[in-house]
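Reader: I would like to learn how to read a few features of a protein model. Please give the general idea and then the case at hand.

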Amino acid sequence: MPYLGGKETAKELRRALSNPHIQSDPLRHRNIILKVIRAMSQGVDVSSLFSEMVKACATVDVVQKKLVYIFLCSYATLNPELSLLVINTLRKDCQDPNPMVRSLALRSMTNLRLPSLVEYVEQPLTAGLRDRAACVRRVAVLGWAKLHNLQPGSDIDAAVVNELYNLLRDPDPVVMVNCLRALEEILKEEGGVVINKPITHHLLNRLKECDVWGQCEVLRVLQRYRPQSEDELFDILSLLDTSLVSPHPPVMAATLSLFLSLSSDLPAVSLAALDRARGPLLAACGSSSREMRFTALCHIQLLLRSAPGLLGEHYKRFFCGYAEPAFIKQRKMQVMVELVNDENVVMLLDELKGYCTDVNTDTAQAAISAIGRIGRSYSDRCLEILTGLLGLKQEHITSAVVQTMRDLVWVCPQCSGTVCSALEGCEETLQDSQGRQALLWLLGVYGERVSSAPYTLETFIDGVRSEASLGVKMELLTSTMRLFLSRPAETQDMLGRLLHFCVEEERDVCVRDQALLYYRLLHCGIEETRRVLQGRRSDPSLGVLIGRQAEPVSQWASSFNTMEPLKQDAVEAESTSRASPERVVPKPKPSSDLPDTLDCSPIETVQSGWGHHSDPPSAVTAPGAEAAITLSLSPAVSPEEFERLWLQRPALHPEHVSLHDEAEGCVWIEESIGCLVVPRCSPRSLQAAMQLVNIQTLAFTPPHARPWRVFLYTRTLRTPCTPSSGCSSTLVLGELLYAAEANQKGSADRQAEVTEETGNGEEEVKVTLRQQPGDAEALGAFLSVLTSVLHALSSEEA
C-alpha cells in the first residue's frame, strides 16, 4: 500500500473490501477495516469507502462493529443520504442481547449528528433509559443531551425530562451524574436542573460512590441550593467535611467552593474551612503535575487575601526547585512575598537573593521585583541586597534593580537617600529601554541629590539621535526639564540642545509635541513651569506590605475553583505598566473601606509658586472653617524629621489642654474626640480617608492592638498667595491614641460597657497636636477636618 497515497490508497482499500475472499475471512476483513481507520487517522481522505463500510457493519464481531461505527460517525455529515442505510442496522443492534452492542449502537446513533435522523433515534433512546444494563442507561442519558444540542430550538418531551429526574436515584452513580449533566444542558434556558432539599440530601449521601469528576460535578450543581435553616446548613457542612480534606485536589477545591458559597454569611465558618483545606492545598503544591502545582499556587494567593497568616509557618514549602519551570518559580515567589513577617524575613530574603542570579532572566527579574515589594516593610534589608546586586554589572539585573528602586521610592520616600547614592555609574550597564526610563525618572525627580546627574543626562542627550526608544526620549525630555528647575546652571545648555533637536529634527509626533509643550511652558515663566512639572515624588498611600486588612472571603469566593485565578495579573494591586509612577492611573474599584459620607468639597487649588523640592498643594477646604484655610501635604515630611520634631514634646499637665513653646515657636495641644469604633477600623481605610483630605498617616499600629496609635501630619495654608509674600503656612504633627483595654468580651457586652461609660456608645480618642508656627484658627480648621473624618469612619464601621 502506498504510504499516504491518497486516492491510490483509497482505491486499494476499496478493492480489498470488495474482495469476496477477504469478506469470507473475518480476521482478514477486520484487518482491512483497521487499515481504513489507520489511514483515516493519518489524514487520508477515505470518504469514498462509505458504502463499503456500511455493508461491513452487518457483522457479529463486536470489534469490527466498533471500527466501522467510528468510520461512519466521522463521515456521516459528508454522506447524509447513505447514512440512512445504517439506521436499520443500528436500531437492530439496540435490541441485541449483548449490552455492549446495545450501548455501542446507541452511542453511534447519537454521534451521527444528522437532524434528518432524529425521528429514528428518539425511540431507541427512550427505551435505553429503562434498559436493565447500567452501561446502556449511561449512554442513553447523554444521548438526549446530544439530541438537544443537535436541535436546540426544539423542546424535549416533558416525559423524558421527568424520566431523567427519576434517574437521579438510579443505583449506578455514573448514571446519576450523567443525568445531572444532561438536565443541565437540556434545561439551560430555564436555569439548569432544579435542586431542592430531597435531591440535595440524596446527592450528598451518595457523593462517596462517585468518581473524582463525578463528585466535582455534584458539588458544582449543589452550589445553587440554599438551606432553609441554620441546622440544615450545618448538617450539609458536616456531610461535606470529609470531602474537604480529600486527597484529590479537584474534589477538595469543589468542596471548599461549596463551603464558601453556603457559609457566605458566616465568616468564621469560612475561615475555619480555609484552615481545614490548608493540608490538601500544600499537598497539591507538591504534585508531580506542573499544571496542578500552578493552579494550587494561584488559589493559595486567593486564600491569603483573607487569611494572611494561614500558611506563614509553611513558607519553606514554597522555595523554588532548580528544575521547576519559570512560571511556577515566579508564582511561588509571589506567594513568598505574601508570607513574609518578622520571623522569616531574613530567610526569605536570602532565598530570593539566590534567585536573582538565575540563568532565566525572567526568574531573576521576578525575584528582584519580589525583594522590592518586601522593601515596603523592610526597606533597609532590601536596599542592602539591591545595592549589592548593582555591583554584579549584569545588564538584566541592573535594569530590574533600577526599576525596582524607582517603584520602591514611589511607595517609600524615606528610601530616596540610599537609592540616590546607589545610582552612580548605573548608566554604563543599562541597555534596555525600561531600565533607562527608570534611571531617567530617578535623575529627574531626585537629581539635586545625585552629583553626577547632569553629566549622565548629557550622555543621553549626546546620543539622542541614535536612540530608538520613544519612551526613553520622552522620559529624557521630562527629566531634563525637572533637573533644570533644580540645577539650572548645569543643565541650561543641554536642555536647549535637546529641545532644538526634538522640535526641529525629531520625526515622531509625540516627542515633538512634548518638546513644543515644554518650550512654550518655559515662555510662561519658571514658576509656572515648576507648578506643572514638579508634582508628587511619591505615593505613600499605597501602604505597607504587612499588616494589611484581610479581605472578606465573599470578595473572591465566586472565582474560587474557576479559571479566573489563573488569568489574574502576577501581582495584585500593582500597576502592570513600567512607565513613570506618576503617569500610572490606578483602576478604580469599589471598596467598602471608603465611607460615602465623607465630603471633601469644595476643592480649591493654590496658584502660587513653590520651592524646587516641594509639590503643588492639592488644597481641600476644611468643613466648617473659612474658605481661606486649606490643607496640603507639600512639602513632604520624612519619618526622620517627624521623629526629631515629635521628640521635642514637653510634658503636658492634665490641667492644661495646651502649651505654647516660645523658644520653638510652636503650640502643643491635647483634645479628645468621641467616636464609635474607629480604633478597630482597617489601616487601609483610615489611610485612604485621611489622604482624601490631604492628611498623611506616617505610621499606625494594627487594629485591635492596645494602645492604638496613629501618627500623621499636614500643612495648613492661608490663601490667596502672592509671589512677594508667599502663602502663610503652618506644619501640624499629630498623634491619635486609644489606650482602652483590648476587647476580651463579646461584642454585645463590649458595646454595653462603652455605652455605660460614655453615655452615647462612643469611645474617646486622645489627639495630641504640634503646630509650628502657632495659628489658632488654622489649628481649629484642621481639628474640624480630623473630627469629620473620624466620625465618618465610625459611622461606616458601625
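Reader: Is histidine 396 buried, partly exposed or exposed?

Author: This is a predicted model, where local features need pLDDT of at least 70, side-chain atom pairs count only at pLDDT 80 or more, and totals for chains, interfaces and linings use all residues. Residues are numbered from 1 along each chain as its sequence is written, and side-chain values use heavy atoms, with hydrogens and water left out. Buried means under 20% relative accessible area, exposed over 50%, and partly exposed in between (1.4 Å probe, protein chains only). Histidine 396 counts as partly exposed because its relative accessibility is 21%.

Reader: Which residues does histidine 396 touch, leaving out those up to four places away in sequence?

Author: Contact means heavy atoms within 4.5 Å. Histidine 396 touches Thr361, Ala364 and Gln365 under that exclusion. Histidine 396 is placed in helix H24 (residues 395–411); helices (H or I, at least four residues) are DSSP runs, numbered from the N terminus.

Reader: Which residues of H1 are buried, and why do they line one face of the helix?

Author: An α-helix has 3.6 residues a turn, so residues three or four places apart point the same way. In H1 the buried residues are Thr9, Ala10, Leu13, Ala16 and Leu17. They line one face because, seen down the axis of H1, they fall within an arc of 125°, taken from the directions from the helix axis to the C-beta atoms. Lys7 and Arg15, on the other side of H1, are exposed.

Reader: What covers the buried residues of H1?

Author: The cover includes helix H2 (20–23), helix H3 (26–41) and helix H4 (50–56).

How values were computed:
Helix = DSSP H or I, 4+ residues; strand = E, 2+ residues; numbered from the N terminus.
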